[in-house]
Amino acid sequence: MKILHIDSNHPVLMEDLALLGCKNHEDYTSSKTEIEAKIANYDGIVIRSRFKIDKTFIDAATNLKFIARVGAGLESIDCDYAESKGIVLIAAPEGNMNAVGEHALGMILSLFNNLKRADAQIRQGQWLREANRGLELEGKTVGLIGYGNMGKAFAKKLKGFDCEVICYDIKENVGDENCQQVSLKELQEKTDVLSIHTPHNNQSYKMIDVNFINNFKKPFYIINTARGTAIVTNDLVDGLKSGKILGACLDVLEYEKLSFENLFENKELPNAFEYLISSENVLLSPHIAGWTVESKYKLAKTITKKIEQHFFN
């Protein structure tokens, strides 16, 4: 089986595929058009997010048996069209779910305890204790929207904090010992901290808008380690300004490119983003929630395991 890798990943991925008898080819620089010109020579392709795998690409890939994305989601692929061609789609949410859970927890604890501000003040010679009095997770209700791999990982991390963890999901009966599944109405009535764990799809796209925000009974904090397109940033900023949203932990932003990189290519940043980067009650990170040393290895191992299960067992 000949496999084309168009993004770099942990070396164990190609090592394991080679042990299965696969021939690995790398091309990290050619354009989409150049890749399309030769993709018919390959049985599989391993991607991250360099470009979209659309109908044009799939039509050129006449011998393709699988598309494997070393990541959690498949939104960069025309999944329906690929599956109609008999192409197996492989993702690896199990590989970075723990990393995402830890990152979400780290962000809210940092925000609650003013760690970013306190660290900056001390470096400037200021020792301000009362001004940095923090909050505790204990006794609060954490509401999760989406209870798949990532939501479950976060709920597991929260188990020792003596807070109530509830979730809303379009699938039924997904709750477990770490999280009670509730209606959206109940989640919006009870939640103190909202955490987003939805994939990118038509239902989640711009889901967190002004109407959604205003349906919450109490002012709340929000964490997003899923996809930036789930939140309408202008409405988030309006919520922060009004006090309806008390603070935000954002690992992802609406303005990201497909590759999740080069956010600052445009010199003129949106006004809403300018507000976020100047706000003390907003914590930002550059789409790294699932981006750990360990997850890089686990993502690769998950991909090779799934390829082996599909084609070598």
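Reader: Which residue in E3 does His5 stand opposite?

Author: That's Val46 in E3. Strand E1 (residues 2–5) and strand E3 (residues 44–47) pair in the parallel sense over three bridges. Strands here are DSSP runs of at least two residues, helices (H or I) runs of at least four, numbered from the N terminus. Two strands pair if DSSP finds at least two bridges between them. Keep in mind that this is a predicted model, where local features need pLDDT of at least 70, side-chain atom pairs count only at pLDDT 80 or more, and totals for chains, interfaces and linings use all residues. Residues are numbered from 1 along each chain as its sequence is written, and side-chain values use heavy atoms, leaving out hydrogens and water.

Reader: OK, and what's the strand order in the open sheet of five strands?

Author: The order is E2-E1-E3-E4-E5, with parallel pairing. Strand E2 (23–26) and strand E5 (88–90) are the edge strands, each pairing on one side only. From one strand to the next, the twist averages 20°. Angles run from 0 to 180 degrees between N-to-C directions, with axes fitted to C-alpha atoms, for helices over the stretch in contact.

Reader: Which strands does helix H12 lie across?

Author: Helix H12 (residues 293–311) lies across strand E4 (66–69) and E5, and runs at about 155° to E5. Contact means heavy atoms within 4.5 Å.

Reader: Switching topic: is strand E6 buried or exposed?

Author: Five of the five residues of strand E6 (residues 141–145) are buried, so E6 is largely enclosed by the rest of the structure. Buried means under 20% relative accessible area, exposed over 50%, partly exposed in between (1.4 Å probe, protein chains only).

Reader: Which residues are on each side?

Author: Thr141, Gly143 and Ile145 are on one side, Val142 and Leu144 on the other. In a regular strand, side chains alternate between the two faces of the sheet. E6 also pairs with strand E7 (residues 164–168) in the parallel sense, over five bridges, and Leu144 stands opposite Cys167 in E7.
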